[in-house]
Amino acid sequence: MWKCVVLIVILISLLDISKGYKAVEENNKFPNSNIYVKLKKAADKLQYEILKGSQSLQMVTFDNFLTSNDLHLTPNGTLQVTDGTNSIEFDLVLSTSSITHIRVIRNNVPINTQPMDCVDLNISNLHWYGGPEDINQYWPVERSTFDNYSYLTKEDQNTGLAERYWLNSKGVFFYVETETPLFITQNTKGHENQLCFSAKNSLPYNTRVNPRTFVYHIGIAANAKVAHMHAVKTLLGHPTGHPDERMAQYPIWSTWALYKQQINESIVREFASAITSNGFENSQIEIDDNWESCYGALTFNKSRFPSMKTFAEELKEKGFRVTLWIHPFINKNCEPHYSEALSKGYLVLDHNNNPDTQWWNSKEGEAAYVDFTKTEAQNWFKQRLQRLQTEDGIDSFKFDAGETSWVPSDPVLAGNAALSPNQITEDYVRTVGSLGPMLEVRTGQGTQDMPIFVRMIDKDSVWGWNNGLLTLITTLLQMNMNGYPFVLPDMIGGNGYNNILPTKELFIRWLQANVFMPSLQFSYVPWYFDNETVEISKKFTKLHADYTPQIMKRFKLATSTGEPVNPPLWWVDPEDKVAQGIFDQFLLGDSIIAAPIVKEGETKRDIYLPKGTWRDGNSMELHTGPIWIMDYSAPLDILPYFEKIN
């Protein structure tokens, strides 16, 4: 008898425990779903784990500032853990068979606190993509290092783009909302093999906004392609139109790298004549730095360009369109333009009403930044540009700078204070980007919808990861996977800074790497080397022009779906572990693989082809992937590329 009593007690106990487990489980579960969030201790940290049924989707480690680790379901259907003062809330945005999308919210980030959430980078066979444009642009990006790095567009590290988006090869993305004062830490002491997002209410953000929020999204899909396309659709956006087709088909010819600031009418005339006499096509000729009467005047220096209208007509008769280099600054000695802008409130001021800043063509405190967050300043700036078009015959513009780091420290900007200083970049790009499809910018902030070219920030005339040729490919991939498909690669051969000029070999390999990118941009010229360089350059500029229909097809697809024009190799097969790590090959669309030589002195390379049947663009030989082609021969006049035929 007593055995039966014990058995009954045990059964009741087990039933009670089961009910307890179910109660805890229900507290961790989003209503009407099989998505759970579970909290657990990890040394002095807390971790939360996202599960779909019993399958673990993602783990995040965060600072243990909470005195409670009990989740509960709120009346609005979110899951929350709180100790009465601090809280983290989880909101299920979407759950389907293909995607789980969760929004994580910390509603209170007071001054002198810096909550931090970290993900592991060193999981086996896991690669990461996205993040900021960087001077040493690694791809994948898990090798990058950042130490409490304020996440804004800035001069530092060539960060022209700082989209708050990271994607991994497993099919997980993180996207941090713009109102979060974001800092990132990656691969530093105490955070080895981690990528950490934190919020801190400090400069360069607006510290007068208090408290701040720390909000980010996690998307989890079957693979990286599905995850990315969901992010494009719901968070990143995509272009509403595409750039000018002639800019895609024929080269842009810029005066910058070749002449720097030593330009005038006769030099530009000589440059244009050499382009045509050597038998090259053009989309436009670009007059770069030092054409203004003073920096910020937006009027021509008459000693350098005595009659620009007449000169522009002369260039157009030779078949050129004419564009100008433009910046958003006004130097203090540029009168009466500086005083006019200051008196009308068109310059960015700090909280002491001081407009002083500095850029590369001024001394410290001797320049100001036009305040594009004000509608009146936007209109004033655009009217002056339109005058250049109507009175001087200028067709369009190349817009430089625009990053947040050029404004005075602690600026006063119009609009939502929680967005400061991010909005100066967005408002600048939207202002100038409204002037037509035949222009370029070099920065962006939430401006993926603009139908314009976004230029890579200046590359050096070197090989390798040190802002050289190799980073031309990795930056192309980084920009595409942040939602900017209309990439204008930097000038062929680089910029020749510090008296390091491109060699013949570097120049030709750089051109070859450009062929299946959206546009070609020359400044250093083939005829400065020898006749062989001229002939090889004609061959590859023609090859690029021949593939313009495929480029434009991808442009149009980007405007309708947001698919990248130049995706990474794994786009063909997101499950391909080898392709996920390739950084020196890229795609045009999903049917052309470019595999240029990017190492000095090499005339052969190994090439990886993912699944499918691929035709060699040089030999017409067919290959069935996935396969490695070892020691592919590529002397100086050969660019390895392959087309998918099924």
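Modeller: A disulfide is a pair of cysteine sulfur atoms within 2.5 Å. This is a predicted model, in which local features need pLDDT of at least 70, side-chain atom pairs count only at pLDDT 80 or more, and totals for chains, interfaces and linings use all residues. Residues are numbered from 1 along each chain as its sequence is written, and side-chain values use heavy atoms, with hydrogens and water left out.

Colleague: By this rule, how many disulfides does the count come to?

Modeller: C118 is joined to C196, with an S to S distance of 2.1 Å, and C294 forms a disulfide with C334, where the sulfur atoms are 2.0 Å apart. By the rule, the count comes to two.

Colleague: Which strands hold C118 and C196?

Modeller: The torsion about the S-S bond of C118 and C196 is about 110°, so this disulfide is right-handed. The pair links distant parts of the chain, 78 residues apart, with C118 in strand β8 (residues 116–120) and C196 in strand β14 (residues 194–199). Strands are DSSP runs of E with at least two residues, and helices are runs of H or I with at least four, numbered from the N terminus. The strands asked for are therefore β8 and β14.

Colleague: How many residues apart in sequence are the parts that C294 and C334 tie together?

Modeller: The link of C294 and C334 is right-handed too, with 65° about the S-S bond. C294 lies in the loop between β17 (284–287) and α6 (308–317) and C334 in the loop between β19 (329–331) and α7 (337–343), so the parts tied together are separated in sequence by 40 residues.
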